[in-house]
Amino acid sequence: MAVIDPHINIDDYEPEGDLVVLNLGPQHPSTHGVLRVKLWLDGEVCIKAVPYLGYLHRGVEKLCEKLTYVMVTPIIDKNDYLAPITNEWAINNSFEQLLGVTPPPRSQYLRTICAEIQRVASHLLWLGTFGLDMGGALGGGATLFMHTFRERETVLDLFEALTGARFHYNTLCVGGNRHDIPAGWDVLVRQTLGVIASRIDEYESMVHENAIFLARTVGVGVVDPVLARALGVSGPNLRASGVDWDLRRDAPYGAYGDVQIKVPVRTEGDCFARYLVRVEEMRESIRIALQLLDGVPEGPICALKPVKLPGAVKIKPGIGYASIETPRGELGSWVIADGTERPYRCKIRPPSLHTVALLPYLAPGNNLSDIVVVLGSLDPVLGEVDR
Amino acid sequence: MNPWLAGALWGLVVVTGAMIVAAWSTWFERKFAGAMQNRPGPTEVGPVGLLQPIADLLKLLQKADIIPRTADPVLFNVAAPLGLILVLATLAVVPWAPGLVPADLDIGVLFALSISSLMVVPVFMAGWGSNNKYALLGGMRAIAQAVSFEVPLLLAALVPIILTGSFRISDIIAAQADGHWFALWPPGPGALAFVLFFLCSLAEANRIPFDIPEAESELVAGITTEYTGMKFGLLYLAEYMHTLVSSIMAAALFLGGWDGPGPDGPHWLLIKSLLLFAGIFWVRWSFLRFRGDQLMNLAWKKGIPLGLAVVMASALWVHFT
């Protein structure tokens with residue numbers, strides 16, 4: 001495969017045949033949302049790729065300035081729509097930092113457990129859609145997809161039992177949680193995670209020993225760790241390139257300080273390494289969640305008194321930044337407070353935005369089929385890219 | 001009987017039969033895929049969804065027939081029925097029982113294979129005529145794939161011809177009487193040639209894992225991107241029929257055709273080809289897709305040497321026995 005400079009001026013390129021400009025997206029079955037990638041193809045080999053963002057821009061950051069601190073949570077939920085709890089957690093962390101409030105231990109444990117089972121659900125969905133990218137909606141990919149969705153449903157059932165909503169829970173508030181653990185929930189979680197753990201082994205045997213899967217992923221879309229760090233890539237994509245960096249272990253928040261966390265790291269940096277890291281992360285998340293579930297402390301779930309009115313929380317002027325490790329990487333929330341009940345400015349640092357920035361470097365020199373696989377392996381969520 | 005009248009009658013019977021089998025195969029495939037994916041498949045139309053193919057047909061007929069303004073109207077419109085006509089023409093040389101054959105050509109195998117390799121023409125017509133980049137890429141891929149897999153397919157089909165010494169399909173089936181199926185005997189080349197023939201016909205018919213011309217994850221829907229309504233249905237049906245015809249050919253050339261335990265007859269050919277057809281479903285719903293260049297490697301570096309080897313082995317077998 002010829003090495004092609006990603007910053008090439010397309011007018012200077014001399015194609016072998018005719019240069020085809022292909023707009024991959026915004027309506028396309030495998031851009032995982034409304035991402036548009038403009039591709040210059042020589043035959044089927046990509047010469048240059050430019051991602052265009054903003055098709056899903058809903059002005060969430062601006063909306064947050066118009067809403068009170070309490071009303072921000074359900075809006076922010078929709079950013080990373082595959083792992084809603086992490087959005088809530090990041091923004092509420094920064095509010096709590098500004099207020100100087102620490103959520104009680106029970107709330108910390110509950111948040112951590114929720115984040116970990118959410119990570120399992122998010123990675124399960126990723127595995128299914130990654131299969132779709134390679135196997136098609138009318139083929140083996142769809143079979144993998146249906147199977148991973150079956151397990152993801154059971155995780156959503158857990159959230160339904162806890163918060164009443166299967167998705168977009170609005171369960172975290174400034175200072176703690178809204179919904180306490182219902183009776184029998186821990187038994188349900190243990191049961192569900194036990195089933196999922198055995199099913200993950202099943203998928204691994206299905207996918208791992210599949211010659212076509214290996215042929216499509218091994219050595220494809222290798223991410224250079226130096227480049228990845230320069231672009232601010234984080235999460236599984238970074239760890240698959242050999243950079244051992246995980247906020248859960250390196251800057252513990254929530255209840256992560258109380259558990260041992262093994263961070264899976266691979267050095268190959270290709271699509272297969274990213275697959276392996278995510279599958280290992282699912283196992284690790286199940287382990288962490290089960291471990292935490294054994295030691296959930298008794299006590300209140302909210303440090304402040306339960307919020308009844310939207311304007312009940314006021315924050316004195318200041319700047320707060322909190323970041324957490326979501327299934328996709330480091331999600332940061334930067335908030336400026338001006339003493340009123342509304343944030344003055346709210347900036348989200350989504351991990352997927354930095355992931356999409358990798359695409360112009362990974363696509364050139366690759367076949368069109370591989371670009372789809374590479375994009376799928378990076379697992380961007382366009383909801384948080386465009387916000 | 002008047003040869004024109006006989007031809008018309010045969011055509012009516014064979015085409016209607018093939019259509020019925022293909023239509024209810026879609027029902028079976030959807031049930032089969034449903035069973036593999038923890039879902040029920042069609043249930044609403046008729047008992048256990050049995051009338052679903054009719055509902056699908058009615059739905060396709062009602063859809064608006066859109067011809068893109070920039071498309072080439074002739075190529076775009078001709079491609080859809082042409083594919084189906086070509087693939088149905090192959091059925092003319094398939095013998096169902098001794099003497100029960102629409103046209104017992106002495107070059108039957110050659111006729112069937114040449115017609116089925118013509119199938120790439122409507123596919124490329126659809127890809128080129130749509131004037132859509134995804135369709136064009138799909139058409140390009142289809143040609144590359146068909147040209148590559150043609151060679152090992154023909155080499156594999158040569159094995160029964162060498163073993164029998166005839167291009168006539170009824171001769172080939174007659175030579176396999178009493179269980180001497182070419183897939184089983186001679187032990188080495190027969191089985192290998194059968195596997196090779198079957199895989200290459202999968203590739204010819206653009207089925208998973210070789211369905212890169214319509215790889216919907218990258219090419220949206222490949223050549224069928226711009227097609228709507230019944231024209232889409234015809235293209236889809238042609239591809240489906242191609243798979244069915246490939247199964248029938250494989251059953252006739254390698255699995256003894258009408259020969260079987262108990263009374264011989266058309267039912268055995270039907271049962272064998274439907275079992276092969278179901279095998280294709282199984283493969284389809286459990287495998288991922290190859291990349292284009294990997295597929296070419298498979299054809300040129302593995303398929304053709306293997307094909308040459310089995311042809312050589314069967315020639316030696318005939319020479320020394």
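A polar contact here is a pair of N or O atoms within 3.5 Å; within protein, one atom must be able to donate a hydrogen and the other to accept it, and residues adjacent in sequence count only if both atoms are side-chain atoms. With that in hand, welcome to the close-ups. The model is predicted, so local features need pLDDT of at least 70 and side-chain atom pairs count only at pLDDT 80 or more, while totals for chains, interfaces and linings use all residues. Residues are numbered from 1 along each chain as its sequence is written, chains are lettered from A and ligands numbered from 1 in the order in which they are written, and side-chain values use heavy atoms, leaving out hydrogens and water.

**View 1. Where chain B meets chain A.** Ten residue pairs are in polar contact between chain B and chain A, both residues being at pLDDT 80 or more. On the side of chain B that touches chain A, twelve residues are nonpolar, five polar and nine charged (Ala, Val, Leu, Ile, Met, Phe, Trp, Tyr, Cys and Pro count as nonpolar, Asp, Glu, Lys and Arg as charged, and the others, Gly among them, as polar).

**View 2. The salt bridge between the chains.** One salt bridge is counted between chain B and chain A (a side-chain nitrogen of Lys or Arg within 4 Å of a carboxyl oxygen of Asp or Glu). A:Asp370 and B:Arg291 form this kind of pair, with their closest N and O atoms 2.8 Å apart.

View 3. A:Arg387 and A:Glu61 form a salt bridge whose closest N and O atoms are 2.6 Å apart. The pair links distant parts of the chain, 326 residues apart: A:Glu61 is in helix H1 (residues 60–66) of chain A, and A:Arg387 is in the segment after helix H15 (382–386) of chain A (helices are DSSP runs of H or I, at least four residues, numbered from the N terminus). Both A:Arg387 and A:Glu61 are buried (under 20% relative accessible area, with exposed over 50% and partly exposed in between, using a 1.4 Å probe and protein chains only).

**View 4. Two helices tied together.** A:Glu204 meets A:Arg283 in a salt bridge, the closest N and O atoms being 2.9 Å apart. Because A:Glu204 lies in helix H6 (residues 185–208) of chain A and A:Arg283 in helix H11 (residues 271–294) of chain A, the pair ties together parts 79 residues apart in sequence. A:Arg283 is partly exposed, at a relative accessible area of 24%.
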